[in-house]
Amino acid sequence: MTPRRAARRGRYPTFSYSPDAIAAFMAVFGMTFIPLLGSKGALLFLMAGMALVAINAGQALAALRREWMIALVALWCVMSFAWSDYASLSMRYGIQLCLTVLISVAIAYRLAPLAFVKIVFLTSTMSGLASLLIGRNRGDGMGYLGIHASKNALADASSVLIIVALAVLVDRHLSARWRLPALASLLMGTMLLIMGQSSGALVSTFGVVMVFGGIVLLQRMTPHMRLVTIGLSVVLFAAIAVLLSSISDQLAGMFLDLTGKDITLTGRTDLWAVGLGQIAERPFFGVGFQAFWVPGRPVAEQLWANFGIGSKQGFHFHNTIISNAVEIGIPMTVMQTLIFFGAATACLGWAIRNPSAASVFFALFMVRLCMLMWIEVVYFYQFSIATGTIVAAICYGNRARLKMN
C-alpha cells in the first residue's frame with residue numbers, strides 16, 4: 001500500500017469488526033427492534049449478549065463485582081419473588097433484568113465508549129428509518145407510531161436519535177463518514193419527534209439541547225471559571241424558579257392549553273396519590289418487581305377502569321421513584337436513585353472536562369432521563385435499550401471519574 005493511500009485511509013476512522021463489536025451490535029440491535037420483532041428481538045439480544053459474556057466469562061464476572069451496586073439492584077428484583085403476590089412474574093422479570101444488566105455491563109467493559117456510541121447511532125438510525133418506512137399512525141390521528149406501540153415510545157426513540165446524532169456531529173475527531181450521516185439522522189429524528197406529538201419528549205429534548213450548549217460553553221473555560229459560572233448559574237436558576245413560582249398558575253394554564261392536557265397532567269396526581277398509599281402499606285419490600293400492574297389485582301383493575309385502559313398494558317405511575325418504590329420498596333429505590341444520579345453527575349463532569357461523542361452522548365442521555373423521571377418511569381426495565389444504555393453510562397461514567405481523580 002502506498003503512503004498516500006495509507007494516509008487517505010487514515011483520515012477515516014473505521015468501525016472495529018472484532019467479535020466483541022459484532023456481538024455487541026447484534027445485542028443492541030435486538031433490543032432496539034423489540035417493538036418490531038417482539039420475542040425474536042429479545043432472543044437475538046440474549047443470544048448475542050450471552051455469546052459476548054461467554055467469550056470471556058471471567059472478565060464479565062469481574063466487571064459485575066466492580067459494578068456491584070447495579071448488580072445488587074437486579075438481584076433484589078429477583079429476590080422479590082419471595083414476598084411478591086405474583087411470585088412467578090417477579091422471578092421471571094427479575095431474571096430477565098439480571099441478564100440485561102449482565103450483558104450490558106459486559107458490553108461496556110468489552111467496548112470503548114466511542115464504539116458503544118457508534119452502535120447506538122447505527123441502530124437508532126435504522127430504527128428511525130424503519131419507523132418512516134412503516135408509516136403507521138394512531139387510530140385517532142393524534143400522533144405517529146412507526147414501529148412502536150405508542151407515540152411516547154416513538155418520541156423517546158426519536159429523542160435518543162437526536163442526542164446521539166448531535167454527539168457524533170459535533171465531535172471534530174470523527175470524519176465526514178460519520179458526521180454527514182449524523183446530520184441526516186439529526187434531521188430525521190427531529191421530524192419523527194414532531195410527528196410523535198409527545199409534549200414531554202419535546203420539552204425534555206429542548207432542555208437537553210440547552211444543556212448541550214452549556215457543556216460547550218463550560219468546556220472552553222478554565223476550572224476556576226467553570227466553578228464560578230456553575231455557582232452563578234445555580235443562583236440564577238434559583239431566582240428564576242422563585243419568579244416562575246409566583247406565576248405558576250398562569251404558566252400551567254398556558255402549557256395545558258398548548259398540550260391539551262388536563263390540570264392533573266392526564267390524571268398523574270391521582271396516580272401518585274394511589275402509589276404513595278401503596279408505598280405506605282409496604283414501605284420496605286414493596287409488592288414485588290413488576291407485580292403491581294397485573295390483571296386481577298384490585299387496585300390495578302380499578303385504575304385501568306378509571307383511566308379507560310382496556311388493554312391493561314403500557315400503564316404506570318408516571319413517576320420513576322414512586323413506581324419503583326411501590327414494587328421494590330423504599331431502601332432499594334433510594335439505592336437506585338443514588339446510582340442513577342451518581343452516573344449522571346459523572347457523565348456531566350466527563351463531558352465538560354473531556355468533550356467527545358461518547359462523553360457528550362452519555363451526559364445528554366442521562367440529563368434527559370433526569371428531566372423525565374418525575375413524570376415517566378425511565379429505569380429499570382428488562383430487555384430495554386434505555387436500561388442497557390443507563391448501565392453503560394454507569395460503567396463508563398465510573399471509569400471516567402476514576403481517571404479524573
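**Close-up 1. Helix 2 and helix 4 are roughly antiparallel to each other in this predicted model.** The two helices, helix 2 (residues 19-32) and helix 4 (residues 39-55), pack at an angle of about 155 degrees. Angles over 145 degrees count as roughly antiparallel, so helix 2 and helix 4 fall in that class. Their axes lie 7 Å apart, and helix 2 passes helix 4 in a left-handed crossing. On helix 2 the contact is made by D20, A23, M26, A27, F29, G30 and M31. Helix 4 contributes G41, A42, L44, F45, A48, G49, L52 and I55.

**Close-up 2. F116 and Y396 form an edge-to-face aromatic pair.** A search of the whole structure finds 24 aromatic pairs. In the pair of F116 and Y396, the ring centres are 6.1 Å apart and the planes stand at 65 degrees, so the pair is edge-to-face. The pair links distant parts of the chain, with F116 in helix 8 (residues 113-134) and Y396 in helix 19 (residues 385-404), 280 residues apart. Both F116 and Y396 are buried.

**Close-up 3. F361 and F365 form a tilted aromatic pair.** The distance from centre to centre is 5.8 Å, with 35 degrees between the planes. F361 and F365 are four residues apart in helix 18 (residues 357-372), which means that about one helical turn separates them. Both F361 and F365 are buried.

**Close-up 4. Ring pairs link six residues into a cluster: F116, W350, F361, F362, F365 and Y396.** The pair of F116 and Y396 and the pair of F361 and F365 are among the members of this cluster.

**Close-up 5. The charged end of R399 sits over the ring of Y109.** The charged end of R399 is 4.8 Å from the centre of the Y109 ring.

How values were computed:
Residues numbered from 1 in each chain as written. Predicted model: local features only at pLDDT ≥ 70, side-chain atom pairs only at ≥ 80, totals over all residues. Heavy atoms only, no water. Phe/Tyr/Trp six-rings, centres within 6.5 Å; stacked < 30°, edge-to-face > 60°. Buried < 20%, exposed > 50% of the residue type's maximum accessible area, 1.4 Å probe, protein only. Lys NZ or Arg CZ within 6 Å of the ring centre and 35° of its normal. Axes fitted to C-alpha atoms, helices over the stretch in contact; angles between N-to-C directions. Parallel < 35°, antiparallel > 145°, perpendicular 65-115°, else oblique. Left-handed = near helix turned anticlockwise from the far one by under 90°. Contact = heavy atoms within 4.5 Å.
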